[in-house]
Amino acid sequence: MSGFRGAEYCWMNGEVMKTERALVSAMEPIYLGIFEGIRAYVEGDVLGEGELNIFRWKGHIDRLWRSAEVCGLKIPYTKEEMLEGTRESIRANGFRTTTYIQPRIWPRARGPGGSTADGEVHVVIPTMLLQTRLGEEELTRERRLMVSSWRRVASDALPPQAKAWANYANSGQAGREARRLGFDDAIMLDNRGFVSEATGACLMTVRDGTVITPPVTASILESVTRDALLKYIPEDLGIPVDVRDITRVELYASDEVFLCGTGAEVRPITSVDDVRFGEEYPGPITKEIARYHSEILACNVEKRRDWLTPV
Ligand code: PMP
């Protein structure tokens with residue numbers, strides 16, 4: 001099935017089943033749903049093939065529970081059952097390279113109109129192969145971003161800190177605008193005019209040797225990857241970090257800019273609004289972080305092994 005390369009099986013409402021059998025009515029209110037985006041990496045070498053470990057399972061599953069709370073959904077499984085379901089889904093597919101895991105939860109429809117939820121939910125755990133972009137070629141590829149004319153959804157309109165599908169209508173507007181104008185992706189400002197994040201990843205800048213990233217109050221998703229970087233960049237790499245609001249002008253004046261997230265991993269950005277950053281691309285700090293990030297994901301950093309959960 002397109003977008004689910006090789007995913008013959010998924011886990012749905014308590015059992016592993018063929019993805020083609022994981023069907024629901026077209027009347028289901030899927031737009032009221034929440035989800036997670038998680039990755040499992042190959043032990044020893046992220047670009048290789050072998051045993052998989054899930055990166056920061058706990059951070060992701062805790063966020064799923066918080067998203068459910070905010071969006072009024074009750075998950076009828078324990079976190080341990082969700083982990084087992086994820087393992088079963090991956091094993092059934094026989095995956096042995098980087099895998100993306102996307103637990104999805106949405107209310108079941110009540111009545112033929114299907115627009116009102118009845119408190120019961122569907123829980124599906126699709127898994128799919130998704131190659132890591134932490135190889136040399138992807139790390140040196142140029143990426144031009146623009147500041148979107150669409151503001152990031154405000155926290156008094158929708159819950160940006162939750163991973164709710166509804167928020168992605170906002171990302172979709174910004175992403176489509178960027179591609180229409182020939183850019184690779186968009187950076188959204190928050191409703192106050194400060195830098196928020198990209199359409200599916202958080203943003204970090206480097207200025208004078210300090211890594212700077214917007215606070216949670218800038219309407220960002222509370223990213224699990226960002227949280228990991230904020231810990232290991234100062235503690236393991238000795239590079240100072242600063243969590244504070246960033247203005248658009250400061251963004252232009254950055255030495256380096258990169259995105260971080262489950263999908264984005266550590267992804268260097270060449271320019272924003274065609275203002276190019278720094279003298280080298282990717283910049284030295286971005287390269288160091290990306291290299292260290294792959295070592296953590298491959299389970300090669302003893303101190304950070306507890307961020308990885310075996311499949
Ligand atoms: N912001 C948005 C809007 C996202 O979709 C993602 C990807 N989940 C992120 C940030 C990064 O979050 P995480 O590190 O938890 O994947």
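Analyst: Helices (H or I, at least four residues) and strands (E, at least two) are DSSP runs, numbered from the N terminus. By that numbering, Pro282 is placed in the loop between strand 19 (275-276) and helix 7. This is a predicted model, where local features need pLDDT of at least 70, side-chain atom pairs count only at pLDDT 80 or more, and totals for chains, interfaces and linings use all residues. Residues are numbered from 1 along each chain as its sequence is written, and side-chain values use heavy atoms, with hydrogens and water left out.

User: Is the peptide bond from Tyr281 to Pro282 cis or trans?

Analyst: Most peptide bonds are trans, and most residues other than glycine have a negative phi. The bond from Tyr281 to Pro282 is cis, with omega near -10°. As for phi, Asp208 is not a glycine, yet has a positive value of about 50°. Asp208 belongs to the loop between strand 13 (202-207) and strand 14 (210-213).

User: How many residues surround the ligand?

Analyst: A residue is near a molecule if one of its heavy atoms lies within 4 Å of it. Here 15 residues surround the ligand, and Lys163, Tyr168, Ser223, Thr225 and Thr262 are the closest. The shell holds five nonpolar, seven polar and three charged residues (Ala, Val, Leu, Ile, Met, Phe, Trp, Tyr, Cys and Pro count as nonpolar, Asp, Glu, Lys and Arg as charged, and the others, Gly among them, as polar).

User: Which space does the ligand take?

Analyst: On a 1 Å grid over the protein atoms alone, a cavity is a set of points where a 1.4 Å probe fits but cannot get out; a pocket is an open set with protein on both sides within 12 Å along at least five of seven lines, and lining residues have an atom within 4 Å of a point. A molecule sits in one if more than half of its atoms lie within 2 Å of its grid points. The ligand takes the space of the largest pocket. Helix 1 (57-70) and helix 5 (224-237) each give two or more residues to the ligand shell.

User: What volume does the largest pocket have?

Analyst: About 950 Å³, where points are joined across faces, edges and corners and a volume is the space filled by probe spheres set on them. Its lining has 46 residues, with Thr199, Gly200, Ala201, Gly263 and Ala264 nearest the centre. Helix 4 gives the largest share, six residues.
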